[in-house]
Amino acid sequence: MLKLGDKAPSFELMADDGKTFRMEEQGGRKTLLVFYPGDNTPVCTAQLCDYRDGIEAFDGLGVNVVGISGDDGESHRMFREKYDLPFTLLSDPGLEVSATFGVKRLLGPKRSIFLVDEEGIVRYLHVESLSLFRRKKDELIAAIRSLD
């Protein structure tokens with residue numbers, strides 16, 4: 001499991017738009033990696049819609065929001081369109097990236113958040129003990145502001 005201050009692992013995954021997302025190409029902005037169990041599930045939908053509704057605040061803090069689950073690109077595209085999600089969703093079908101971050105479960109990643117700064121360092125992280133719980137946008141925004 002990663003700890004605060006660790007260098008975030010380098011990875012590349014397929015995005016919902018069919019392009020390759022490379023973590024090492026995200027320099028210049030902070031990246032909020034949102035690992036979630038699956039598209040179109042009640043808690044995941046509520047969580048990502050909450051972040052959608054706070055996207056201006058995340059943008060204002062220089063933070064890109066990126067969702068990661070084991071779902072495939074087509075599932076992500078449909079999920080993103082259905083809920084008008086304004087951020088990238090990445091497919092981690094074999095859960096290798098989830099494992100690298102220490103959040104792999106049998107049926108998908110544990111619900112977890114990693115804020116990676118412009119230098120690739122983990123500045124905030126939270127892994128839920130139960131997938132029924134989630135970090136809300138206001139809590140994350142406050143945590144990000146406290147880091148600056």
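Student: Does Asp-148 count as buried or exposed, and how is that decided?

Tutor: Asp-148 counts as exposed, at 63% relative accessibility. The general idea is a cut-off on relative accessible area: under 20% is buried, over 50% is exposed, and what falls in between is partly exposed, using a 1.4 Å probe and protein chains only. Before we go on, note that this is a predicted model, in which local features need pLDDT of at least 70 and side-chain atom pairs count only at pLDDT 80 or more, whereas totals for chains, interfaces and linings use all residues. Residues are numbered from 1 along each chain as its sequence is written, and side-chain values use heavy atoms, with hydrogens and water left out.

Student: Which residues of the largest nonpolar core touch the most other members?

Tutor: In soluble globular proteins, nonpolar side chains tend to be buried together. A nonpolar core is a set of buried Ala, Val, Leu, Ile, Met, Phe, Trp, Tyr and Cys residues joined through side-chain atoms within 4.5 Å. The largest such core has 23 residues, of which Leu-32, Leu-48, Tyr-51, Phe-58 and Phe-87 touch the most other members. At least two residues of this core come from each of β3, α1, α2, β4, β8 and α5. A second, separate core holds 18 residues, among them Leu-13, Ile-68, Phe-114 and Val-116. As for Phe-87, and not counting residues up to four places away in sequence, this side of the picture includes touches to Leu-48, Tyr-51, Val-65 and Arg-80.

Student: How many aromatic pairs are there, and what is the geometry of the pair of Phe-11 and Phe-101?

Tutor: A pair of aromatic rings is described by the distance of the centres and the angle of the planes. Here rings of Phe, Tyr and Trp (its six-membered ring) pair if their centres lie within 6.5 Å, with planes under 30 degrees apart counted as stacked, over 60 as edge-to-face and the rest as tilted. The count by this rule is eight aromatic pairs. Phe-11 and Phe-101 make an edge-to-face pair, with 5.9 Å from centre to centre and 80° between the planes. This pair links distant parts of the chain, 90 residues apart: Phe-11 sits in the segment before β1 (12–15), and Phe-101 in the loop between α4 (96–100) and β6 (104–105). Phe-11 is buried, with a relative accessible area of 7%, and Phe-101 is buried too, at 0%. Both belong to one aromatic cluster, together with Phe-21, Phe-35 and Phe-114.

Student: In which sense do β1 and β5 pair, and how does the chain cross from β4 to β5?

Tutor: Two strands pair if DSSP finds at least two bridges between them. β1 and β5 are antiparallel, over two bridges, and Ala-15 stands opposite Leu-90 in β5. Strand β4 (residues 63–69) runs parallel to β5, joined by four bridges, with Ser-69 opposite Ser-91 in β5. From β4 the chain passes through α3 to β5, and this β-α-β crossover is right-handed, a term that applies if, with the strands pointing away from the viewer, the path from the first strand over the helix to the second runs clockwise.

Student: What is the phi of Asp-84, and where is Asp-84 placed?

Tutor: Asp-84 has a positive phi of about 50° although it is not a glycine. Asp-84 is placed in the loop between α3 and β5 and is exposed, at 61% relative accessibility. Leu-95, also not a glycine, has a positive phi of about 60°; Leu-95 is in the loop between β5 and α4 and is buried, with a relative accessible area of 7%.

Definitions and conventions
Contact = heavy atoms within 4.5 Å.
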